[in-house]
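Please examine the sequence and the three-dimensional structure shown below. The paragraphs that follow lead through the packing of helices and then through the surroundings of the ligand.

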Amino acid sequence: MRTFNAEMSKSYRVYIGRKILRTTATHLKKLGFSSRAVIITNKTVNKLYGSILEENLNKNGFEILLIEVPDTERSKSMGTALRIYDELISHRIEREAPVIAFGGGVVGDLAGYVSATFLRGLPLIHLPTTLLAQVDSCIGGKTAVNYLNFKNIVGVFKNPEIVLIDPDLLQTLPEREIKNGVAEIIKYGVIGDPSLFSLLEKRMDDIFESDPLFLEEIIYRCCKIKIDIVEKDERETGLRRILNYGHTIGHAIETASNFAISHGEAVAIGMCAAGRIAEKLGIFNDVERQERLIKIAGFSINLSNFDVEDLIRIMHFDKKVKNSKINFVLPRRIGDVVIRDNIPKKILLETIKGLR
Ligand SMILES: NC(=O)c1ccc[n+]([C@@H]2O[C@H](COP(=O)([O-])OP(=O)(O)OC[C@H]3O[C@@H](n4cnc5c(N)ncnc54)[C@H](O)[C@@H]3O)[C@@H](O)[C@H]2O)c1
């Protein structure tokens, strides 16, 4: 078991360890909660692990309201949030009841948003169940729902009371979802931890084989990197933007593919593009090393089916655009990145065309 404090505007503790799910009630009681709890989850996670969580809470005297949302990104919507508010009202949920976000990033963002807004704020507990949620989305306090065609366009910052990460839950995660998490893990190596990058070069297979102790170590290291960044820039005014490494082009690829390309696959291509841009600008020499690891993780780096101009147009609509300039996070070394907003269009075009 590993644990550390996140020193944010509101501090909280993060626990990472096997079988933590079965100790949820103990943690809640230590925080002073004792009577009612709301679980927000989806059908898939509920079927796999809902009974373990419910039994643990029931046995310890908690009365539970379990709310299941459909297993799709479309659940991250105002409509679903309104439906949850209705349930909270009809069950007379009061301010003391913690909301347990029990699922991947979709459930985490939605439950986080609901907990931040209902009664001007219910306590939030993150119990993430995907690799992406465990290494990334459960940390840092961002919550959101999508609106119209805009992803994460409505949201608030909301720090949880506690984060409980159980790597054993990843045993049932499909390989494609593991890959989504792996892309973010590689990102952490490039933006801030060369030794993590080297470890991945040696032991990538152990992630895909869901070696629980190795996963525990990797999750701990990623969460620490993210927290170290977020503690310095909670509201994303500067440094925190480096967490978007690979995401500028990545988001455009996801959108242009109509989400047929997964987030992880798109970020992996985005990281390759950022590496190649940095090489063209003469600031990065490790393009091959980065691409080797990305390929070891099973990602393909091919954009030949995409219209380059279309991708660039989509990039201009991204939240990362400021004063019409696209922000790019570029590597200088494995473990060190810089933010640039003055990439010549010619270099961008050449790089994207070269990705095949
Ligand atoms: N708030 C943030 O800082 C932040 C950061 C990154 C991503 N996000 C958001 O996270 C979302 C993506 O999250 P995700 O990748 O976790 O996707 P997801 O929540 O859709 O989960 C992926 C799939 O895995 C299933 N699943 C979850 N846990 C499982 C388990 N233990 N075993 C088997 N199946 C399981 C889910 O039901 C789903 O089908 C996006 O909406 C993205 O915007 C938020």
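**Helix packing and the ligand shell**

Helix 6 (residues 175–192) packs against helix 10 at an angle of about 30°, and their axes are 7 Å apart. Helix 6 is therefore roughly parallel to helix 10. The crossing of these two helices, helix 6 and helix 10, is left-handed. The model is a predicted one, in which local features need pLDDT of at least 70 and side-chain atom pairs count only at pLDDT 80 or more, whereas totals for chains, interfaces and linings use all residues. Residues are numbered from 1 along each chain as its sequence is written, and side-chain values use heavy atoms, with hydrogens and water left out.

Several terms require explanation. Helices (H or I, at least four residues) and strands (E, at least two) are DSSP runs, numbered from the N terminus. Axes are lines fitted to C-alpha atoms, for helices over the stretch in contact, and angles run from 0 to 180 degrees between N-to-C directions. Angles under 35 degrees count as roughly parallel, over 145 as roughly antiparallel, 65 to 115 as roughly perpendicular, and the rest as oblique. A crossing is left-handed if the near helix is turned anticlockwise from the far one by less than a right angle, and right-handed if clockwise.

Helix 10 (residues 263–280) also meets helix 9 (residues 247–256): their axes come within 7 Å and cross at roughly 135°. Helix 9 and helix 10 are therefore oblique to each other, and their crossing is right-handed. For helix 12 (residues 308–316) and helix 13 (residues 345–354), the axes come within 10 Å and cross at roughly 125°. Helix 12 is therefore oblique to helix 13. The crossing of helix 12 and helix 13 is right-handed.

Attention now turns to the ligand. Which residues come nearest to the ligand? Of the 26 residues around the ligand (a heavy atom within 4 Å), these are Asp71, Glu73, Thr129, Thr130 and Thr172. Helix 2 (43–59), helix 4 (105–117), helix 5 (131–137) and strand 8 (150–154) each supply at least two residues of this shell, and helix 2 gives the most, with 4 residues.

An N or O atom in the side chain of Asp71 is 2.8 Å from an oxygen atom of the ligand. A polar side-chain atom of Asn42 lies 2.9 Å from a ligand oxygen atom, and for Asn152 the corresponding distance is 3.5 Å. The protein covers 86% of the 870 Å² of accessible area (Shrake-Rupley method, 1.4 Å probe) that the ligand has on its own.

Definitions and conventions
Polar contact = N/O pair within 3.5 Å; in protein donor to acceptor, adjacent residues only side chain to side chain.
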